[in-house]
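Please look at the sequence and the model first.

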Amino acid sequence: MTNLKIIKDVKELQLEIQRNKLKKKKIGFVPTLGGIHKGHLELIKLAKKKSDIVVVSIFLNPLQFDSRNDFKTYPINLDSDIKKINKEKVDILYLPTIKEVFPTKKITKIKASSKANKLCGKFRKSHFDGVVTVLKSLFSQVSPKLVFFGEKDFQQTLIVKDLISKYKLNIKVITIPTIREKSGLAYSSRNILLTNHEKKIASFLFKTIKEISHQAKKDLNKINNLKLNGIKKLINYGFKKIDYLEIYKKNYLSKKNIKKNNLRVFVAAKIGKTRLIDNL
């Protein structure tokens, strides 16, 4: 049985990584903010299959939060997270402070690719700059061969791929389809903030984009009408605010050359104070 190594110090982490690399071990990396849920656990399971050594990080990245309140209220329970990660027989859990992520003390923010200007990036200014700034540092510290993300954060995954390409990092991104609750609601750390009533409303997010995706594939000329009707439906279901509901050519986040086999529906909506995202 694997003994989980919990490491907080970057030098200790790098020694451990180096030790494993000398043994020709392939490093798989699952970066998280914490609030470990079933979606994270599926990423870890896949990482176990594809890698020799699995590193999971928990770092609540202050650079990617555009609201101090959102940062403070982010649901994280470290004891519970450690138990869940240990159960999956992970090799290394990296728990850095911001001083470990940026040992030089000077944080030079990286600019995310142009794909950050759409969808969530429109409503959360500098969010993706914060994401890629921290990920670039974590990538250099963990030095993985493989990194694992869920498709719920589809836009983020495209931006991370651009980061890897820009800096010519020898890392392969592996994604898994969004893991969902029985109602269709995508697993998210923020789901814990929803009341039972809000959870029922939240389930209509997936039902709505599923319907739109189905209809859009039948007739691409209806895309604009489908978006407008979708927004109205979500408001009627009880969503407080719709940040966006868009249909794009998926890997380019573009409205040009949308076809049945390359379209993806993206949505971000608020229930009460909780913002949820999804795509299909």
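What follows covers ring pairs, their surroundings and charges over rings.

This is a predicted model, where local features need pLDDT of at least 70, side-chain atom pairs count only at pLDDT 80 or more, and totals for chains, interfaces and linings use all residues. Residues are numbered from 1 along each chain as its sequence is written, and side-chain values use heavy atoms, with hydrogens and water left out.

The structure holds five aromatic pairs. Rings of Phe, Tyr and Trp (its six-membered ring) pair if their centres lie within 6.5 Å; planes under 30 degrees apart count as stacked, over 60 as edge-to-face and the rest as tilted. Two of the pairs are tabulated here.

| Pair | Centre to centre | Angle between planes | Type |
|---|---|---|---|
| Phe123 and Tyr244 | 6.2 Å | 40° | tilted |
| Phe204 and Tyr237 | 4.0 Å | 10° | stacked |

Phe123 sits in helix H6 (residues 120–123) and Tyr244 in strand E7 (residues 241–249), so this pair ties together parts 121 residues apart in sequence. Helices (H or I, at least four residues) and strands (E, at least two) are DSSP runs, numbered from the N terminus. Tyr244 is buried, at 8% relative accessible area. Phe123 is partly exposed, at 35%. Buried means under 20% relative accessible area, exposed over 50%, and partly exposed in between (1.4 Å probe, protein chains only).

Phe204 belongs to helix H9 (residues 196–218) and Tyr237 to helix H10 (residues 223–237), 33 residues apart. Phe204 is partly exposed, at 27%. Lys207 lies over the face of Phe204, 5.4 Å from the ring centre. A charge sits over a ring if NZ of Lys or CZ of Arg is within 6 Å of the ring centre and within 35 degrees of the ring normal.

Phe154, Tyr248 and Phe266 form one aromatic cluster. Lys118 lies over the face of Tyr248, at 5.3 Å from the ring centre.
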